[in-house]
Amino acid sequence: MKILALVAAHMGSERRPGKVLADIGGKPLLWHVAERLQMAKAVRDVIITTTTEDRDTEVAEAAVAFGLKCYRGHPTDLVEQAAGAIRKYGQPDDLIFRAMSDQPFLDSRALDTAASAMFAHSWDVLLPLSFGADPVYGAGLGPWSPRAWAWIESMSVGEGRRHPGMQLRRDLARFDYGLIDLPHWAYRPFRLEMDTDQDLRLANLVWARWMQSGRHDEPALQWVVDLLDRNPEIAMVNSDIHEKTGPYTSFTRAEIAAWEKDYAGRRVLYSDFPTAVGLLETNATKCQKCEGIMITTRLGSKRVKLKCITCGAERTYRA
């Protein structure tokens, strides 16, 4: 099972026009995104999707210069853009991952984890197990199954045509999916989205530190988070910028409550368990008192403590 990765890119941006070709560490942002996607073993191909507008010719030319395929489609209907690229370059059993071109530090390893889990369980998607806030930008990435993509393409309307994937969230209960309790470092307030000059400055400060270490490949997302943990003055560079879209900013409270309620009983992968493979799968996700979801709160060399996000009940498992 392989992933067809689509990178949505265009020169128009409300807060920073042309950001997709902004320079980070000597390379354009779009190049970094594609490079990180190609690092994932599960990714079969990377396709740049953009519009047919004249201003986006520069994006298409950049894609060709990077040795990438490009599909140009509808100026505002991003579902149509993705569908056209899939028809032209996809294969029937491809998982579809739609990457954003403003993710300079996306975690390519997350795609390999998601693809393996989805293949093992025939899941439609693997979602981060989070409540009230999203993990750090670029963590917990998950592709869509062909079935999930077919639903998105056929059922998306209105705002959903500009934001592929919104319809899947609204119809989440229809799908067979799993959850992943991400490693502790993924839950940070750092802003790693590329929208403003401050965001660009932070990315270049991170890259400067990376190159000082003698490295010129792509830094792992965990390394970036660790750097910001140790250097709050860098993390503060764009701390006053707020993200405009995301699961917890683009949906109503009722919608969020509906799909968080649907998490109950879904299988969870626990990333922080100290196992040989680094990832433990368990069905022990329900609280014995209220059947709420149990999440990892404390780890030791021989035990792990889980806590119910509904009633607060705790359970300890020992090796």
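Biologist: How many bridges join β1 to strand β4, and in which sense do they run?

Modeller: This is a predicted model, where local features need pLDDT of at least 70, side-chain atom pairs count only at pLDDT 80 or more, and totals for chains, interfaces and linings use all residues. Residues are numbered from 1 along each chain as its sequence is written, and side-chain values use heavy atoms, with hydrogens and water left out. Strands are DSSP runs of E, at least two residues, and helices are runs of H or I, at least four, numbered from the N terminus. Two strands pair if DSSP finds at least two bridges between them. Here 6 bridges join β1 to β4 (residues 43-51), and the strands run parallel. L6 has I47 of β4 as its bridge partner.

Biologist: Which residue of β6 is the bridge partner of L4?

Modeller: I96. β1 pairs with β6 (residues 95-100) over 6 bridges, in the parallel sense.

Biologist: Is β1 mostly covered or uncovered?

Modeller: Buried means under 20% relative accessible area, exposed over 50%, partly exposed in between (1.4 Å probe, protein chains only). In β1 (residues 3-8), 6 of 6 residues are buried. I3, A5 and V7 point one way, while L4, L6 and A8 point the other.

Biologist: At what angle do α3 and α5 pack?

Modeller: Two packed helices are described by the angle between their axes and the distance between the axes. Axes are lines fitted to C-alpha atoms, for helices over the stretch in contact, and angles run from 0 to 180 degrees between N-to-C directions. For α3 (residues 78-89) and α5 (residues 146-155), the angle is about 135° and the axes are 10 Å apart.
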